[in-house]
Amino acid sequence: PVINHVVSLEYQNLKKKTCSERLNAVGLYPGYVYWVERGNRVIVGGFRDKATHKGIGISDDSSIDPEMDQACLHFLKTHLQIPNPNDKLENKWTGVLGWSADNLPWVGQLPHKKHQYICAGFSGHGLTVTYLCGKYLAEEILTGRRSSSLPTCFSATLARLEAKDASSWHGAGD
């Protein structure tokens, strides 16, 4: 598990547009800060580099980490040029990201487990791929055939399960 911090706000006078019309989201400091702009609404998240151990191993999302919160507000002021962002917040929340040892999702039947499936470990990229992974997994369950649209590297294989070289777990997305 890896903790994450997110805020949403609406601000009528965004001075610095960071996205083109074609680009829906922007990441800065990979794995630590991202934001999405839609009209005058901004959703900003990340800041786990400010949490203890970069947020790795934290599964309690019942409270907001003050350091992550302050880093987010500072980012809104300095990078998006929103004065007094705390006054404009609509919502703020935390969440736990499921990180896999190789940063890739696990989607499909579990090795040597008949009728047991997994769809997890999206390593902070869940919103962009979970819908289609769920669709393809449902098709696999119903038909018994894996969708050719699902990347093979997402397969829940024994080789991945037994991998000794979990290349990026120690950095969880670094």
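## Glutamate 10 and arginine 41

Glutamate 10 and arginine 41 form a salt bridge through their side chains, with an N to O distance of 3.2 Å; the term stands for a side-chain nitrogen of Lys or Arg within 4 Å of a carboxyl oxygen of Asp or Glu. Glutamate 10 belongs to strand S1 (residues 2-10) and arginine 41 to strand S4 (residues 41-46), so the bridge ties together parts 31 residues apart in sequence. Helices (H or I, at least four residues) and strands (E, at least two) are DSSP runs, numbered from the N terminus.

Glutamate 10 is partly exposed at 35% relative accessible area, and arginine 41 is partly exposed at 34%. Buried means under 20% relative accessible area, exposed over 50%, and partly exposed in between (1.4 Å probe, protein chains only).

## Basis of the model

This is a predicted model, in which local features need pLDDT of at least 70 and side-chain atom pairs count only at pLDDT 80 or more, while totals for chains, interfaces and linings use all residues. Residues are numbered from 1 along each chain as its sequence is written, and side-chain values use heavy atoms, with hydrogens and water left out.

## Aspartate 69 and lysine 92

A salt bridge of 3.0 Å, N to O, joins the side chains of aspartate 69 and lysine 92. Aspartate 69 sits in helix H1 (residues 66-78) and lysine 92 in strand S5 (residues 89-97), so parts 23 residues apart in sequence are tied together. Aspartate 69 is buried, at 11%, whereas lysine 92 is partly exposed, at 26%.

## Salt bridge count

The count comes to six salt bridges.
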